[in-house]
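Please look over the structure shown below with its sequence at hand.

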Amino acid sequence: SCVAPDPPLAFRVHQDCPRASLVHEAWLASSLANGAQGPLASIQDHEWAVPDSQELACSVETPMSQDEEQRFCVLLMVDRGDSDAVEYRRVVGDACAEEVREQCRFPEEHLHITLAEGRCTGREASQIRLRSSVPTLSRIQYGPPKPWDRCLALGFGMEEAAPLYDLACDLEMPSTVKLKNSKQYHVSLYRANGRGDDLAQETGKMKAAGREFGGHGSCR
């Protein structure tokens, strides 16, 4: 996925390959603010088929055709996880104050790992691709939550992060877009979304509930 400050759009490759999306950051924030029933309900209005899983289609109507430099992130979208991951999300959510939970919960449809980020033009971003064929990634076990107060995010161990980093290293990108350190890989479950102080008061309880549950699950 490439996330850029432009009109909301989404790419999706065919079903046997990882999902790719291009979404407006403000649209993403609005979705977070409105919970799972936010603008993502209309995602079908902002996506089209990409004919080649190796390339992102470019059209004069899309941000990917722009020559102005913008900030882009390359995201690896992940599924909602196995039963343990789903239950972990429920358990930590139940431990959070309802208003904060609804405001800060990251929609399942947007769960992702940031592989790279930087500034480039839309045209350059449209050429970001994997050098080789899309690999089949096995299910990857989540590690413990990151030691952050204003974000509840699950990390990955070094062994679990290795295939993700190998995938990232296979990306062909502009030199201004840099790979993230694999130690930084994480999947955010709750983000501040303008309520950082409120969320910081809840994350301790949420992490404690997660520890009592005893597992974090896995994703693909």
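This is a predicted model: local features need pLDDT of at least 70, side-chain atom pairs count only at pLDDT 80 or more; totals for chains, interfaces and linings use all residues.

Which residues in α2 meet which residues in α6? On the α2 side they are D84, E87, Y88, V91 and V92, and on the α6 side their partners are M206, A209, G210 and F213.

**Packing of α2 and α6**

- Helix α2, which covers residues 83–94, packs with helix α6, which covers residues 196–213, at an angle of about 140°, and the axes of the two helices are 8 Å apart.
- Because of that angle α2 counts as oblique to α6, and the crossing in which α2 passes α6 is right-handed.
- The residues that make up the contact of α2 with α6 divide into six nonpolar, one polar and two charged.

- Side chains of opposite charge can pair when their charged atoms come close.
- Counted with a limit of 4 Å between the side-chain nitrogen and the carboxyl oxygen, the salt bridges in the model come to 14.
- D94 and R90 are four residues apart in α2, which is about one turn of the helix, and R90 counts as partly exposed because its relative accessibility is 42%.
- Within helix α6, K205 forms a salt bridge with E202, with the closest N and O atoms 2.9 Å apart, and these residues are three residues apart, again about one turn of the helix.

- E108 forms a salt bridge with R89, in which the closest N and O atoms are 3.8 Å apart.
- This pair links distant parts of the chain, for E108 lies in the loop between α3 (98–104) and β5 (112–121) while R89 lies in helix α2, and the two are 19 residues apart.
- R89 is buried, with a relative accessible area of 11%, whereas E108 counts as partly exposed at 28% relative accessibility.
- R71, E117 and K180 are also linked to one another, in a network of salt bridges.

**Two loop residues**

- Is D67 buried or exposed? With a relative accessible area of 54%, D67 is exposed, and its place is in the loop between β3 (47–49) and β4 (69–77).
- When its neighbours within four places in sequence are left aside, D67 is in contact with T121 and R123.
- The C-alpha atoms of D67 and C120 are separated by 8.7 Å, although the two residues are 53 residues apart along the chain.
- N193, found in the loop between β11 (186–191) and α6, has a positive phi of about 45° although N193 is not a glycine.
- N193 counts as partly exposed because its relative accessibility is 24%, a value that falls between the 20% below which a residue is buried and the 50% above which a residue is exposed.

Conventions: Residues are numbered from 1 along each chain as its sequence is written. Side-chain values use heavy atoms; hydrogens and water are left out. Axes are lines fitted to C-alpha atoms, for helices over the stretch in contact, and angles run from 0 to 180 degrees between N-to-C directions. Angles under 35 degrees count as roughly parallel, over 145 as roughly antiparallel, 65 to 115 as roughly perpendicular and the rest as oblique. A crossing is left-handed if the near helix is turned anticlockwise from the far one by less than a right angle, and right-handed if clockwise. Contact means heavy atoms within 4.5 Å. Ala, Val, Leu, Ile, Met, Phe, Trp, Tyr, Cys and Pro count as nonpolar, Asp, Glu, Lys and Arg as charged, and the others, Gly among them, as polar. Buried means under 20% relative accessible area, exposed over 50%, partly exposed in between (1.4 Å probe, protein chains only).
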